[in-house]
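I opened the model to look up a handful of sites and then the whole chain. My notes follow in the order I took them.

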Amino acid sequence: MATSTPVGWYLRRLSRMGPREIGGRVTDAVRRRRWRSAQPDGPTVTGARFTAVLPAGTIATVPPDAAKRLIAEADRLMAGHVTYFGVARDDLVDPDWRYDPKTGRRAPWGYAFDVPYRSEEAAGDIKQIWELSRHQYLTVLAAAYAITGDERYAERVAEHLRSWWTANPPLRGVHWISGIELGIRLLSWVWVRRLLDGWPGAAGLFEGNPVALQQIWHHQRWLAAFPSRGSSANNHIIAEAAGQAAAACAFGWFPASAGWRADALRSLERHLGGNTFDSGLNRELATEYHGLVLELGLAAVAEADAAGVPVPGSIRPVLLRMTDALAAIVDGRLRPPRQGDADDGHGLVVDGAGTNRWASLLATGDAVFGRLDWWPAVTGTDVRTPLLAALIRPTAPAEPRPPGRPNHFADAGMTILRGPGDIWCRCDGGPHGFLSIAAHAHADALSVEVRHDGVDVLADPGTFCYHGQPEWRQYFRSTLGHNTLQLDGADQSASGGPFLWTRHARSRVLVADTSDASAGGTARWCAEHDGYQRSVHRRRVELTAASQELRVVDEVRGPRRAARLAFHLGPAIAAELVGNRAVLTWTRDGEDRSAVLDLPEQLTWRAHRGETDPPLGWYSAGFGRKEPATTLVGTGFADGAAPVGEFTTVLRFRDETRCRGARARHDPT
């Protein structure tokens, strides 16, 4: 049976809360105890109508190739096949809503707040169980019905909703624990109802169905009662507010709907602003959560506009800044940084596999806000953009937008250096995550992430997991798990649990000169952090356009300490390490590419790949998935007395056009 969460964790978690948050959590605990024995029925609703439909002709604007991908995805779902977090399952025709296919366990039944969901031994992998019940696969099926008119899709949606509602009555079981799950599920239900509007059974499934009405009411009652608080008010509170606002706008059939709607929109305004830097980047400094929050915010605005409900004044400007920031930080293949935690979370899913999430968000931004001249060209199509654009009311920007592409985001500590051959380098000199627990931060101060034409060369290894595998969770968010310097085998920030940091390294950017790189000169960045007590780690990075050379200089000021410097290569990179020089090779679009990495000679270098005891040499392309990749680690000592305390690394990309010309001149044939 499950072991309880250690008392030490609770004490560490409590230490990161303020008095107001503690008081709120005490109130929550009292309410949970009271709700155990007093479960009211929702109000009786008669004559409800769903009016938040898509404007006529919207479905006809969906691009044919996007529709084709969507239908192919829907047909896989109809056949019972889906993959979540690297685990394939084929039971989707008649799913068990409490089953975890990864461990084979079922979450226990009972009062929701008694379920030990943090214990994989007791409940299985909670992410696997919760993901299916976000019902985002049902929005895909509903969208397939809207596009094709094939009632098989609608009937399957109805079967699964009725099954879920029966198996998960209010406050019973694992799906009534987490507010983010309830919020996203409500948003999915809104879109399912909208996309099924042409189906004769739609009204009987939702507004004419007492069970559905009870579920919708209880979801909103739950969200109104248990908001994420204080140190937990990150992307979770955005999902809760967006889902509540969406449901209260589209399903505004209850006496409490107007109050829920107003409270949710106020919460969304407050927390969307609180979760976003003035520059537009998400304060969690975890790029996938930037995408999630942006998707949720756009979806909430769509519902308010569709219902004719005024949107609080600061929400659209924040979403606009987030969109412009996303356009600024992506590489030439429209890939953003791989910074911080990533769990493949989406706000609204109506597209098939193969759709570029980030291109889709930029396409929506273009449709809703208008693209700027410096935005990268968006290739590819999606279903979601025309649907959202049909509902969101265009408005003129309330504040000036960046006249050119920003490359330095001072408040977030993120700097992008760009060079010829589509060299892209992210330098990290920002805060250690958001709020007192920095839940989704990694111990990655001063790390760099380098790509060449969209290929990860010096890679951020990713996230892989949250619960159930503590050694892997620790590795993927550790200092050694990033392209930076580790001293005395310790992380720069101190972890108190899988989503808790008890001491945060403080970084500051000293130089961020990106202007010369665009003109063919040299871009420069320099930052330092204080995470190693008694020592300061300073890093300088220079990208010289003419020579396609990236120079990284690490300096340690303080007493002599054991040092490990890591460089994680992307999974496409083959490396041949001889001494302190590594020759890197890879293929892009059928062409051979290469680079030379000259490593600090003061350190002893080894290549690691796919090691498990302890983990080292891994890359996670998505949550729940990992693959071996080469990590180069140099070991030795750092001493404040130069030159021992200064390490220089040089990455030189080879000009393959020039190399091919030279080979052709020497080809005897």
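I started at Thr-635, which sits in strand β24 (residues 630–638). Strands here are DSSP runs of E of at least two residues, helices are runs of H or I of at least four, and both are numbered from the N terminus. The model is predicted, so I kept in mind that local features need pLDDT of at least 70, that side-chain atom pairs count only at pLDDT 80 or more, and that totals for chains, interfaces and linings use all residues. Residues are numbered from 1 along each chain as its sequence is written, and side-chain values use heavy atoms, with hydrogens and water left out.

The classes are buried under 20% relative accessible area, exposed over 50%, and partly exposed in between (1.4 Å probe, protein chains only). I then listed the contacts of Thr-635, setting aside neighbours within four places in sequence: Ala-563, Arg-564, Leu-603 and Thr-604. Contact means heavy atoms within 4.5 Å. Thr-604 is 31 residues away along the chain, yet the two C-alpha atoms are separated by 5.2 Å.

**Asp-125**

Next I went to the loop between α4 (120–123) and α5 (126–132), where Asp-125 is found. Asp-125 has a relative accessible area of 7%, so I logged it as buried. Which residues does Asp-125 touch, beyond neighbours within four places in sequence? I found Asp-100, Lys-102, Thr-103 and Glu-120. With Lys-102 there is a side chain to side chain polar contact at 2.7 Å. A polar contact is a pair of N or O atoms within 3.5 Å; within protein, one must be able to donate a hydrogen and the other to accept it, and residues adjacent in sequence count only if both atoms are side-chain atoms. I also checked Arg-106, 19 residues from Asp-125 along the chain: their C-alpha atoms are 9.3 Å apart.

His-290 belongs to helix α13. Its relative accessibility is 3%, so His-290 counts as buried. Outside four places in sequence, His-290 contacts Gly-280, Leu-281, Asn-282, Met-322, Ala-325 and Leu-326.

Helix α13 (287–307) came up again when I asked what covers the buried residues of α16; the cover also includes α8 (179–195) and α15 (357–369). Why did I note α16 (residues 384–391) as largely enclosed by the rest of the structure? Because six of its eight residues are buried. They are Arg-384, Thr-385, Pro-386, Leu-387, Leu-388 and Leu-391.

**Whole chain**

I counted 19 helices and 25 strands in the protein chain. Of its 669 residues, 58% count as buried. Among contacts with a separation of 6 or more, 71% join residues 24 or more positions apart. The C-alpha trace spans about 80 × 60 × 50 Å along its principal axes. The radius of gyration is 26 Å, which agrees with the value near 26 Å for a compact globule of 669 residues. That radius is taken over C-alpha atoms, and the globule rule is 2.2 Å times the number of residues to the power 0.38.
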